[in-house]
Amino acid sequence: MSHQLNDLPNVAGDLFKAPAATDFANVATSTHAPRFLLLYGSVRERSYSRLLTMEAARLLEAMGGEVKIFDPRGLPLPDSEPETHPKVQELRELAIWSEGMVWCSPERHGAMTGILKAQIDWIPLTQGSVRPTQGKTLAVMEVSGGSQSFNAVNQMRILGRWMRMITIPNQSSVAKAFLEFEEGGRMKQSSYYERVVDVMEELFKFTLLTRDVSPFLTDRYSERRETAEQLSKQVNFRTI
């Protein structure tokens, strides 16, 4: 290792780590049910993104997961109220509690809705020493009133990356959503429904696979170096 580091003059040798398969050997295995937070992007009385989210919740619960759905009604616009607002606190506590998430938005004017974006904007990248979303799994879904589109899910994928989440490969986009749900709100049997089953199954598997190792997967050289520099400054300050 020391010989190889001779070719890396800009790397701090004591902070550089070469990942190995054996690093996973001593990782503890959680025994509690996987925890999922589901967000949807419409407050209409008959919200198809909410109905699709509820179908996703039923599937995750049937697989053995613990599921909580956040109701965005009453959540203020980002920065319009202090972080102590009850709805903001509720959302942030759920984000920390969760091990995986589902984001579901209508496509409006070719984009995800401001209602869903506001929820994501209220979740900070860091909250004290905790990163509420880093290393957690994410599935993205959208509904549209017309032909099938992927604008909203593509935007949510970008946001998932920005929030340092593990966004699963599969996704759901339900076209002409008003035709895909029964009067009582349940989703009809269709290829769209089967895709939702596939997406939730994949999310569940990825969550089981990564939830215990996410601290290792998201451990970064640059952040180890930053922490070391901050610690050095604190030590030097105390000795002055």
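Modeller: What follows is a set of questions and answers on this predicted model.

Colleague: What pattern of helices and strands does the protein chain follow along the sequence?

Modeller: The protein chain has eight helices and six strands. Its C-alpha atoms fill a box of roughly 70 × 40 × 35 Å along the principal axes. Read along the sequence, the pattern is α-β-α-β-α-β-α-β-α-β-β-α-α-α.

Colleague: Among contacts between residues at least 6 apart in sequence, what share joins residues at least 24 apart?

Modeller: A contact here means heavy atoms within 4.5 Å. Of the contacts in the protein chain between residues at least 6 apart, the share that joins residues at least 24 apart is 76%.

Colleague: How many residues does the second, separate core have?

Modeller: Leu38 belongs to the largest core, and the residues Leu38 touches include Ala56, Leu60 and Val102. Leu39, in contrast, is in the second, separate core, along with Ala95, Ile120 and Met156. The size of that second core is 24 residues.

Colleague: Is the pair of Phe24 and Phe216 stacked or edge-to-face?

Modeller: A search of the whole structure finds three aromatic pairs. In one of them, the ring centres of Phe24 and Phe216 are 5.0 Å apart. Planes over 60 degrees apart count as edge-to-face. The planes of Phe24 and Phe216 are at 85°, so the pair is edge-to-face.

Colleague: How many residues apart are Phe24 and Phe216?

Modeller: Phe24 is in the loop between helix H1 (2-5) and S1, while Phe216 is in helix H7 (residues 214-217). Phe24 is partly exposed at 36% relative accessible area, and Phe216 is partly exposed at 32%. The pair links distant parts of the chain, and its partners are 192 residues apart.

Colleague: Tyr48 and Phe181 also form an aromatic pair. Which of the two is buried, with a relative accessible area of 4%?

Modeller: This pair is tilted, with 5.7 Å centre to centre and 40° between the planes. Tyr48 lies in helix H2 and Phe181 in the loop between strand S6 (172-174) and H6, so the pair ties together parts that are 133 residues apart in sequence. Buried means under 20% relative accessible area. Tyr48, at 22%, is partly exposed, and the buried residue, at 4%, is Phe181.

Colleague: Which side chain of opposite charge is nearest to Glu180?

Modeller: Glu180 is in the loop between S6 and H6, and the residues in contact with it include Val174, Arg186 and Tyr192. A salt bridge needs a nitrogen and an oxygen within 4 Å. Glu180 is buried yet has no salt bridge, and the nearest side chain of opposite charge, 6.6 Å away, is Lys188.

Colleague: Over which ring does the charged end of Lys68 sit?

Modeller: Lys68 is one of the residues that Leu38 touches. The charged end of Lys68 is 4.6 Å from the centre of the ring it sits over, and that ring belongs to Trp97.

Colleague: Which residue joins Lys17 and Asp219 in one network?

Modeller: Side chains of opposite charge can pair when their charged atoms come close. The structure holds eleven salt bridges, and one of them is between Lys17 and Asp219, at 3.5 Å from N to O. This pair links the loop between H1 and S1 to the loop between H7 and helix H8 (221-239), 202 residues apart. Salt bridges that share partners join Lys17 and Asp219 into one network with Arg224.

Colleague: In the salt bridge between Glu90 and Lys87, which residue counts as buried?

Modeller: The side chains of Glu90 and Lys87 meet at 3.3 Å, N to O. Glu90 counts as partly exposed at 33% relative accessibility. At 15%, the residue that counts as buried is Lys87.

Notes: Residues numbered from 1 in each chain as written. Predicted model: local features only at pLDDT ≥ 70, side-chain atom pairs only at ≥ 80, totals over all residues. Heavy atoms only, no water. Core = buried A, V, L, I, M, F, W, Y, C linked by side-chain atoms within 4.5 Å. Buried < 20%, exposed > 50% of the residue type's maximum accessible area, 1.4 Å probe, protein only. Phe/Tyr/Trp six-rings, centres within 6.5 Å; stacked < 30°, edge-to-face > 60°. Helix = DSSP H or I, 4+ residues; strand = E, 2+ residues; numbered from the N terminus. Lys NZ or Arg CZ within 6 Å of the ring centre and 35° of its normal. Lys, Arg positive; Asp, Glu negative; His and termini not counted. Lists of a residue's contacts leave out its neighbours within four places in sequence.
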